[in-house]
Amino acid sequence: MTNSSNKYILMVMTAALLSACSVTKKYERPTTLKTDQLYRDQSSTDSTTIATMPWQSVFKDEKLNALIQKGLDQNLNLKNAIENIVQARASLRQSKLAYYPTLQLDASATHNKQSQAGLNFPAGININTLTTTYKLGASTSWELDVWGKLSSSKRAALATYLATDAAKQAIQTQLIADIANNYFALLAYDKSLKITQATLESRIKNVETIKALKEGAIVTGAAVVQSEANQHAAEVLIPDLKQNIRETENALNILLGQAPGPIDRGELGTQIIPEKIALGMPAQLLENRPDVRQAEFNFRVAFESTNLAKTYFYPSLTLTASTGFSNLELKDFFSNSIFYSIIGGLTQPIFNQGLNKMRLTTAQSQQLQAYNNFQQTLLIAGQEVSNALYSYEMAVEKEDSRQKQIEALEKAVDFTQQLLEYSSATNYTDVLTSEQNLLAAQLSGINDNLQKLQAVVNLYRALGGGWK
C-alpha cells in the first residue's frame with residue numbers, strides 16, 4: 001500500500017471521527033428540571049438531613065432493628081431486585097465486549113460427487129468422481145465505532161444497570177418503612193387492647209356497684225341496664241383489636257419473608273425518635289431518594305437510545321478477515337494449503353422503508369416521556385416530604401391538648417362516680433358520658449402517638465433515608 005493511500009485512509013478516518021462528535025451528545029442533567037419549592041412552606045439552605053442517617057440510628061428499639069435486619073436478609077421482593085441487578089450487570093458486561101472483534105473457528109470435511117455422463121466416453125459408460133475437501137479455518141469481524149453506536153449502547157447498558165441498582169435501593173427504603181410502620185401499629189394495638197381490657201374490668205365492677213346502689217334506692221333499674229350496656233360497649237372493642245393485632249403480625253411476617261407467627265416486640269411508650277428532624281434542601285432528593293435516581297437513569301437510557309437511533313443514518317465500517325488450511329488430502333493438509341482474506345466494508349443506508357426515521361422519532365418521543373416521568377417522580381417526592389412533615393407537626397401540636405383532655409376526663413369520671421355513690425347530686429348518665437369520653441380520648445391519644453412515630457418513618461423514607 002502506498003504512502004498516498006495511507007494518507008487518504010487516515011484523512012477519511014479523521015473526518016469520520018470528527019463527524020462522530022456531532023452525531024451523539026453527552027448526557028447532562030436537564031436544566032429545566034424543577035427542584036425549587038418542592039417542600040411546601042419550607043425553605044432552607046442547610047444541607048443537613050436525616051436521610052443521611054443510617055436506619056440503626058433513627059430507630060432505637062433493638063427488637064425493631066432486629067426485625068428490619070431480618071427483612072433485609074429475607075424479604076423476597078428485595079431478593080428479586082438483587083437478581084435484576086445481576087441480569088443488568090451481565091448486559092453491561094456484554095456491551096463492553098462489543099468493542100472487541102468476534103472470532104469463529106470452522107472445521108469441515110465436504111464430500112462432492114460429480115457425474116461424468118455426457119462427456120467423451122463410449123456410449124453406455126457413466127463414470128462418477130468423488131472428491132473430499134478438508135478445511136480448518138478461523139474468521140474474525142470487527143465493527144469500528146465511528147459514529148458512537150457502540151459507545152451509546154454501552155452507556156445505555158450502564159444507565160440500565162444503575163437504574164436497577166436504584167430500584168433495589170428504593171425497595172429497601174420502602175421495606176424499612178413498612179416494617180417500622182407495621183411495628184409501631186402493632187405496639188399501638190397492644191396498648192389500645194391493654195387500656196380497653198382495663199376499662200372493661202372497671203366497668204364490670206361498676207355494674208356491681210350500680211346494682212348495689214339500686215338495692216339502696218339510690219339509682220333506678222335504668223342505671224343498671226345502662227351500666228351493663230356500657231360494659232358490653234367495651235367488650236365489643238376487644239375482638240376487633242385482637243384481629244388487628246393478628247393481621248398486623250401476619251403482614252410483618254410477609255415482609256420478613258417467613259410464615260405467619262407471633263412477633264417479638266417492645267412497648268409503645270418506650271419508643272424514641274430523633275430529636276431534630278432536618279429536611280435539607282429539595283435538590284438533595286436528586287441524590288438521596290432512590291426512585292428519583294432511578295427515574296433519572298431511565299431518562300439517561302432513553303437519551304442514549306436517541307443517540308443510538310441517530311447513528312443508523314450513517315455508514316457502518318467493518319473489517320473482516322479469515323485464514324486457515326484447505327486441501328483434498330489429509331496427508332498434505334498443513335502444506336501448500338494456506339488461505340487468507342482481509343475485507344473492509346462500508347455500508348451506507350439509502351432506502352430501508354423509513355425504518356431509521358421511525359426509530360429516531362420513537363426514541364425521541366420515549367425520551368420526552370422519560371423526562372416527564374423524571375419530573376413527576378421528583379414532584380411526588382416533594383409532596384410526600386411535605387405531607388409527612390405536616391403530619392408530624394400536627395401530631396406534636398395535639399400532644400399537650402390531648403394529655404390535658406385525658407387528665408380532665410379522668411377527674412370527671414372520679415367526681416361523677418363519687419357523687420353518684422355518696423349523694424344524689426348527679427345521675428348515672430353523667431357517669432356514663434364521662435367514662436365513654438375518657439376511653440375515646442385514651443384511644444385517640446394512642447393514635448396521636450402512632451401518627452407521630454409513623455410520620456417520622458414516612459419522612460425518613462420520603463427524604464431518601466435507609467439505603468446508604
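## A buried aspartate and its partner

In this predicted model, Asp448 is buried, since its relative accessibility is 6%; buried means under 20% relative accessible area, exposed over 50%, and partly exposed in between (1.4 Å probe, protein chains only). Asp448 and Arg402 meet through their side chains in a salt bridge, with 2.6 Å from N to O. A salt bridge is defined as a side-chain nitrogen of Lys or Arg within 4 Å of a carboxyl oxygen of Asp or Glu. The pair links distant parts of the chain, with Arg402 in helix 10 and Asp448 in helix 11, 46 residues apart. Arg402 counts as partly exposed, because its relative accessibility is 21%.

## Other salt bridges

By this rule the count comes to 15 salt bridges. One of them joins Glu296 to Arg29, whose closest N and O atoms are 2.9 Å apart. Here Glu296 lies in helix 9 (residues 290-311) and Arg29 in the loop between helix 1 and helix 2, 267 residues apart. Glu296 is buried at 8% relative accessibility, whereas Arg29 is partly exposed at 35%.

## Two residues with positive phi

Most residues other than glycine have a negative phi. Gln37 is not a glycine, yet has a positive phi of about 60°, and Asp41 likewise has a positive phi of about 60° without being a glycine. Gln37 is in the loop between helix 1 (3-23) and helix 2 (55-58), and Asp41 is also placed in the loop between helix 1 and helix 2. Gln37 counts as exposed because its relative accessibility is 74%; Asp41 is exposed at 71%.

## Helix 11

Helices (H or I, at least four residues) are DSSP runs, numbered from the N terminus. The expected span of a helix is 1.5 Å times one less than its number of residues. Helix 11 has 35 residues (428-462) and should therefore span 51 Å, which agrees with the 50 Å between its end C-alpha atoms. Just after helix 11, Gly464 takes a positive phi of about 100°.

## Basis of the values

Residues are numbered from 1 along each chain as its sequence is written, and side-chain values use heavy atoms, with hydrogens and water left out. Because the model is predicted, local features need pLDDT of at least 70 and side-chain atom pairs count only at pLDDT 80 or more, while totals for chains, interfaces and linings use all residues.

Key:
Helix = DSSP H or I, 4+ residues; strand = E, 2+ residues; numbered from the N terminus.
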